[in-house]
Amino acid sequence: MRPLDHFINTEYTETTMKSNEALEKVLNSYRGYYNIKTEGVESPFAAEAEFHSHNEKYLLVKAARIADIDSNEYVFFALENHLNFERLKELDRIAWERGISRVQPDENHRNSDVILYVLADSVDGDVPGQIKKLKHYKSYLFSLRGWSHYRLLAYDCSSKKALCNRMGKDLRKVVAKL
């Protein structure tokens, strides 16, 4: 049994296999640098990924430290048979809330971004026009303790189209080869 087979409902059509295979390919692109979780993930998501980076800036010697910088990314992956705008708004809200709840803004925090991938077998016609309206941003202590951006990509497996919000344009590279 493949790692993500437990997300496939036998009632689904063959097109569900497309979104499941797309998820495996997208997860493979994240495996090098992210901690990926595919089991025990809270519904409605099929997988999650986290990235944590810590950098130090110092002057001449390490004892003369200027700054510690922490950056994080929380990535959520959802599989859908048919994606309509109401369902997308619900996934958007849940991903943002879960991602923000993991942020720990301290004096070293620079940014913690939240990313949502929705891989769907088909997408309603109103989603492409509405997806740009889904945006979030949060600053912590007037950006002195960092900020959080939100990136979103919905991928239509049947038409092979990537739909994204303004911040999510760079995510198209990940699904370009699907």
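These legends describe close-up views of one predicted protein model.

Residues are numbered from 1 along each chain as its sequence is written. Local features need pLDDT of at least 70, side-chain atom pairs count only at pLDDT 80 or more, and totals for chains, interfaces and linings use all residues, while side-chain values use heavy atoms, with hydrogens and water left out.

**View 1. Confidence along the protein.** The mean pLDDT is 88; pLDDT is the predictor's confidence in each residue, from 0 to 100. Of the protein's residues, 90% reach 70 or more. Among the elements, helix H2 (residues 85–101) has the highest mean pLDDT, 97. Helix H1 (residues 15–30) has the lowest, 84. Helices (H or I, at least four residues) and strands (E, at least two) are DSSP runs, numbered from the N terminus. Over residues 6–15 the pLDDT is below 50. This stretch has 11 contacts in the model beyond near neighbours in sequence; contact means heavy atoms within 4.5 Å. Where pLDDT is low, the predicted coordinates should not be read in detail.

View 2. Serine 112 lies in strand E4 (residues 109–123). Serine 112 counts as buried because its relative accessibility is 0%. The classes are buried (under 20% relative accessible area), exposed (over 50%) and partly exposed (in between), with a 1.4 Å probe and protein chains only. The serine 112 side chain makes two polar contacts shown here: one with the side chain of histidine 109 at 2.7 Å, and one with the side chain of asparagine 72 at 3.0 Å. A polar contact is a pair of N or O atoms within 3.5 Å; within protein, one must be able to donate a hydrogen and the other to accept it, and residues adjacent in sequence count only if both atoms are side-chain atoms. Leaving aside residues up to four places away in sequence, serine 112 touches Asn72, Tyr74, Val103, Trp147, Ser148 and His149.

**View 3. A nonpolar surface patch.** Leu59, Leu60, Val61 and Ile66 make a nonpolar patch of about 470 Å². Patches are made of residues with over 30% relative accessible area and no salt bridge; like charges are joined within 9 Å, nonpolar side chains (Val, Leu, Ile, Met, Phe, Trp, Tyr) within 5 Å. Accessible areas come from the Shrake-Rupley method with a 1.4 Å probe; for residues, only the protein chains shown count as cover. Leucine 59 sits in the loop between strand E2 (47–58) and strand E3 (65–83). Leucine 59 is exposed because its relative accessible area is 52%.

View 4. The structure holds nine salt bridges; each is a side-chain nitrogen of Lys or Arg within 4 Å of a carboxyl oxygen of Asp or Glu. One of them pairs glutamate 48 with arginine 102, with the closest N and O atoms 3.0 Å apart. Glutamate 48 is in strand E2, and arginine 102 is in the loop between H2 and E4, 54 residues apart. Glutamate 48 is buried at 6% relative accessibility. Arginine 102 is partly exposed at 25%.

View 5. Arginine 87 and glutamate 90 lie three residues apart in helix H2, about one turn. Their closest N and O atoms are 3.4 Å apart. Arginine 87 is partly exposed at 22%, and glutamate 90 is partly exposed at 34%. Arginine 93 and glutamate 97 lie four residues apart in helix H2, also about one turn. Their salt bridge has its closest N and O atoms 3.3 Å apart. Arginine 93 is partly exposed at 41%, as is glutamate 97 at 44%.
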